[in-house]
Amino acid sequence: KHTSLSADTITPERVARIRKLNDIAADWLATKVKRARTLDGYESLLRNHILPYFGARPVGAITTIDIRKWLADMQRKGCAPGTVRNAYRVLKPVLDAAVELRCISANPCGPLRRDDLPRSGRQEMLFLRAEEATALADAMPAPFGVFVHFATQTGMRFGEVAALRMSNVDLLHGKVKVCESLSEVRGQLITERPKNGDERTIRLSPFMVRMLRAYVEAEQPHDYLFTKDGAPLRRYR
């Protein structure tokens, strides 16, 4: 006997519930206005860990037990605890977006608690002592030695130092203006605002002013303060 779906069967609520997580994730990602490296991290977690498992599923069919199985599956595959937690921290707001879009009435991540996620042992951070940092910098050729001296004395992040331009440095008054940061995303350099979003000015020590003055006088004119072969320094090259 032939049976057809009535108009009452295909309700907007039903259509919403059968939307795939792929679609919801794309909608969620389109709302994020973040630093390029942060967005790349979101995309990587979605691409490598979330969408292969949930992407083709109707969002209304994803249950809490499905999420627990997914977390266990990642750990069995050898994913680091931090990767598992970060993937969950992306999946949860994607499903929050599904709630906002009225695709589901409640987020299936809701019953999960912090103890449901794997923990990683606290790793002690290792730091160079001042004399060790100085010895390292003195042993390196230009511009890397000056770069290390500058970074250790100012406390600036790598991307902030790499983004510094000649116009940001005021050797007469001994200060540097931090207003940009360089990030490398999939091999491309991206210029962004500093991580906290705020420009700031850092005072330079007399020693650093003398070193920078000698360094600038010895270098060929260029836009960026620190370069290799005329191009900005890159973290991985």
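**Packing and charged pairs**

Modeller: Leaving aside neighbours within four places in sequence, L71 is in contact (heavy atoms within 4.5 Å) with V84, Y88, L112, D116 and L117. This is a predicted model, in which local features need pLDDT of at least 70, side-chain atom pairs count only at pLDDT 80 or more, and totals for chains, interfaces and linings use all residues. Residues are numbered from 1 along each chain as its sequence is written, and side-chain values use heavy atoms, with hydrogens and water left out.

Colleague: Which residues have the most contacts inside the largest nonpolar core?

Modeller: They are L21, I67, W70 and L71, in a core of 29 residues. A nonpolar core is a set of buried Ala, Val, Leu, Ile, Met, Phe, Trp, Tyr and Cys residues joined through side-chain atoms within 4.5 Å. Buried means under 20% relative accessible area, exposed over 50%, and partly exposed in between (1.4 Å probe, protein chains only).

Colleague: Which elements give two or more residues to this core?

Modeller: Those elements are α2 (21–30), α3 (36–54), α4 and α5 (81–100), and α5 gives the most, with 9 residues. Helices (H or I, at least four residues) and strands (E, at least two) are DSSP runs, numbered from the N terminus. Another core, of 20 residues, lies apart from it and includes M156, V161, V178 and L233.

Colleague: Now the charges. How many salt bridges are there?

Modeller: The structure holds 14. A salt bridge is a side-chain nitrogen of Lys or Arg within 4 Å of a carboxyl oxygen of Asp or Glu. One of them joins E160 and R200, with the closest N and O atoms 2.8 Å apart. E160 lies in helix α8 (residues 158–162) and R200 in strand β5 (residues 200–203), so the pair ties together parts that are 40 residues apart in sequence.

Colleague: Is E160 buried or exposed?

Modeller: E160 counts as buried, at 1% relative accessibility, whereas R200 is partly exposed at 26%.

Colleague: And what of D115?

Modeller: D115 forms a salt bridge with R119, the closest N and O atoms being 2.8 Å apart. Both D115 and R119 are exposed.

Colleague: One last topic: how do β3 and β4 pair?

Modeller: β3 and strand β4 (residues 188–192) pair in the antiparallel sense over 5 bridges; two strands pair if DSSP finds at least two bridges between them. They form a hairpin with 2 residues between them, and R186 in the turn has a positive phi of about 50°.
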